[in-house]
Amino acid sequence: MTADWPSYLDRYHADHPGITEDVLGCAADESGRSPYDWLLEPVPAGGGVVLDIGCGSAPVARRLGGGHGYVGVDRSASELRRAVATGPVAVALADARALPVGDAQAHAIVASMMLMVAAEVDRVLAEVGRVLRPGGTFVATFPTRAADDDPSAGVFAEVLAVLGQRQVRYPGSLDPPTLRPRLAAAGLALSEDVHGRFTRHVGVEQCRLVADSFYAIGADDAQLAEARARLRARAATGPFPLTYRVRRLVAVRRSH
């Protein structure tokens, strides 16, 4: 049976608004950058509208430099309520497969940790190509599995196993062999495909948050409780570092 990711994500984000920001907002790389700072680095200066698709609680808006306009789009009303509760921000309730923006209107489009679970990712990319102005920049980040020699690999492997997710694949996979042609079909040219590492420290009080932040389609309450308990056991002697490995793609809208 095919996993019903759209229904799962609707329920998950209704129950956990802002959880991705809560987990990743205090993670940092060796330069002190958060994953959101890193996401925004390729966005060119010069102003214009930055469209944030799958914006969640809009952490990007609070890190975007001056001179840019911001519009966040998400299909979760709960996430958008949290976004506007933290300060004035322009957001719209909409699906990334049908963006409520005219052709060639965006200076840049960013997508933080959402493409991997996007329904019909090629339709989303087509919308990105439609809405970006010629020469505009698209930046997307999404998680990748920790390498075997990463000290955090054992933590991720243990939690994923408890949650029954070791063999689960995200619906919006953008595998390297197909990436360039799929972007090209949307009028986009890949300019960067790199990885970053962002670490946060997990104490006992953060274990529930971290366990619940995993997409765990099909997991039941007992599995979630066990994942939280495993993390609390690791944190019992003091906070432990947890490193998230993140992939960043940058593409440019072709001029013709």
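Which elements each supply at least two residues of the lining of the largest pocket? In this predicted model, they are helix 1, helix 2, strand 5, helix 6 (153–162) and strand 7. Helices here are DSSP runs of H or I with at least four residues, strands are E runs of at least two, and both are numbered from the N terminus.

A few ground rules come before the rest. Residues are numbered from 1 along each chain as its sequence is written, and side-chain values use heavy atoms, with hydrogens and water left out. Since the model is predicted, local features need pLDDT of at least 70 and side-chain atom pairs count only at pLDDT 80 or more, while totals for chains, interfaces and linings use all residues.

Pockets and cavities were both found on a 1 Å grid over the protein atoms alone: a pocket is an open set of points with protein on both sides within 12 Å along at least five of seven lines, a cavity is a set where a 1.4 Å probe fits but cannot get out, and lining residues have an atom within 4 Å of a point. Points are joined across faces, edges and corners, and a volume is the space filled by probe spheres set on them.

The largest pocket holds about 850 Å³ of space. It has 31 lining residues, and Met116, Pro143, Thr144, Arg145 and Tyr170 sit nearest its centre. Sorted by class, this lining has 19 nonpolar, seven polar and five charged residues; Ala, Val, Leu, Ile, Met, Phe, Trp, Tyr, Cys and Pro count as nonpolar, Asp, Glu, Lys and Arg as charged, and the others, Gly among them, as polar.

The second largest pocket comes to about 250 Å³. It is lined by 14 residues, with Tyr8, Tyr12, Ala216, Ala219 and Leu224 closest to its centre. Helix 1 and helix 9 (221–235) give two or more residues each, and helix 1 gives the most, with four.

The largest cavity contains about 520 Å³. Of its 33 lining residues, His13, Gly54, Asp74, Met114 and Val117 lie nearest the centre. Helix 1 (5–15), helix 2 (19–24) and strand 2 (68–74) give two or more residues to that lining, and helix 1 again gives the most, with four residues.

The second largest cavity has a volume of about 40 Å³. Its lining has nine nonpolar residues, with no polar and no charged ones; Phe138 and Leu249 are among them. Strand 7 (240–253) supplies the largest share, three residues.
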